Amino acid sequence: MANSAPKVAEAERFETDRAISLKAKDIANLIKHSKHFIVFTGAGVSTSAGIPDFRGPDGVWTLRKQKRDAPSKATSTLQAIPTPTHMALVKLQNRGLLKYLVSQNCDGLHRKSGIAPEMISELHGNSNREYCRDCGKEYIRDFRAVAPYTKTVTDHRTGRKCSMPGCNGVLLDTIINFGECLFEQPLKLAREHGKKADFCLVLGSSLTVPPACTIPEIAGKSKRGKLGICNLQSTPLDHLVDGESMRVFARTDDLMIAVMGHLCLEIPQFVLRRQLTVKVVMGERDRNQVILQGVDVDGTPSTFLKSVRLEGSRRPAVTEPFTLSFRMDGQEELRLKLELEFMGNYLEPNVEIVHSTQCSERLYLLEYSPYTREWQVVAKDYCELSEVPTFLDFTEIGANGP
Ligand SMILES: [Zn+2]
């Protein structure tokens, strides 16, 4: 992937605010009237979050060709806050306007911002996602789940094991390294949506990395598909865009803020959303347990807690699933006070949830604003996990819902 970077990067071009606004109006109109609008994103959508791109003047590959180091002020992808572009795409998804998202980024910011798992193909993987070689079970982590590659770059073992009952399989990262094939399923889905798209908008990609870049090409070459590209440098697909107004030289945030303005849609502020299942298991001779497990919106196990402490209990639980013992001592109901400690990538303070022993299983939705540094805990009014809300129900909760 790196080798296609020129030693001296092409200069970035910035159009005027007025030009961007005019083009944004045309793009907003197309979004509104298209039946199958898809977006293709590259590193350019994450640069304003502090994550460097690859082929810009300060890009990782450009600097490497010049034998210079990557910028030291780069933000860790775990601490990066999704950009206005990320959040605009979440809003377009929740409004039903965005039908699919294809991304080359491994920073995991699209998923974290609120894009549903079934709405995205992360073509080059996700540095927060690993999966079991044997049973395929996926795990989302609030830490870098990438192999050390100490022996070879094709050794994707992260060093952890699958925790599915009876499996214990080796966990592998999802990152695509140089010369490796892309995962079949996300690529297949991306191609299908590329064919179906009547409008494909490229945001922040130089479109030089195959086979990913063939997705917008499919849309651009199809008869009814229209192609728009927003990137600061020229791309090999510029000749396929539909009219001058569909080729924008701007930061993706500047374009998307203008587009959302024309659509009269507010860009939501980023909220970190976590889901936690709490289960009570009554044992013999008053040996009872409360078990906590983080889950993603689709039920995928999600690691975001460091420890859980039960009030009155001597030691906190520090491994997943977090399991703590308690006694009822003849009482009919106990209200278990559970203190949650997070990984802290967004400086999340601890939060306490109170769980009644009369509720055998419950899903808690935890929302954290990195701006106010406050948690909001929403326990749904049900006790059975079969009533887990759908993804869209989940995103409607809280002040920043659509
Ligand atoms: Zn497994």
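## Strand pairing

Two strands count as paired if DSSP finds at least two bridges between them. In this predicted model, strand S2 (residues 98-103) and S3 are joined in the parallel sense by three bridges. Within this part of the structure, Val102 stands opposite Ser121 in S3.

## The sheet

Strands of a sheet pair through backbone hydrogen bonds, and the pairing is either parallel or antiparallel. Here, six strands form an open sheet with parallel pairing, in the order S3-S2-S1-S8-S9-S10. Strand S3 (120-122) and strand S10 (247-248) are at the edges; each has a single partner strand, so one side of each has no neighbour in the sheet.

## Helices across the sheet

Helix H1 (residues 17-33) lies across strand S1 (37-41), strand S8 (199-203), strand S9 (226-230) and S10. Helix H1 runs at about 135° to S8. Helix H7 (residues 252-262) lies across S8, S9 and S10, and its direction is at about 140° to S8.

## The zinc site

The zinc ion has as its protein donors the SG atoms of Cys132, Cys135, Cys162 and Cys167, lying 2.3 Å from the ion. Along the chain, the donors follow the spacing C-x2-C-x26-C-x4-C. Cys135, in the loop between strand S4 (129-132) and strand S5 (138-141), and Cys162, in the loop between strand S6 (157-161) and strand S7 (170-173), are 27 residues apart, and this pair links distant parts of the chain.

The arrangement is tetrahedral because the four donor atoms subtend angles of 102 to 118° around the zinc ion. Cys135 counts as partly exposed because its relative accessibility is 43%, whereas Cys162, at 5%, counts as buried.

How values were computed
Residues numbered from 1 in each chain as written. Predicted model: local features only at pLDDT ≥ 70, side-chain atom pairs only at ≥ 80, totals over all residues. Heavy atoms only, no water. Donors = N, O, S within 2.8 Å, 3.2 Å for Na, K, Ca; no water. Tetrahedral: all angles 85-135°; square planar, octahedral: opposite > 155°, others 65-115°. Helix = DSSP H or I, 4+ residues; strand = E, 2+ residues; numbered from the N terminus. Buried < 20%, exposed > 50% of the residue type's maximum accessible area, 1.4 Å probe, protein only. Contact = heavy atoms within 4.5 Å. Axes fitted to C-alpha atoms, helices over the stretch in contact; angles between N-to-C directions.
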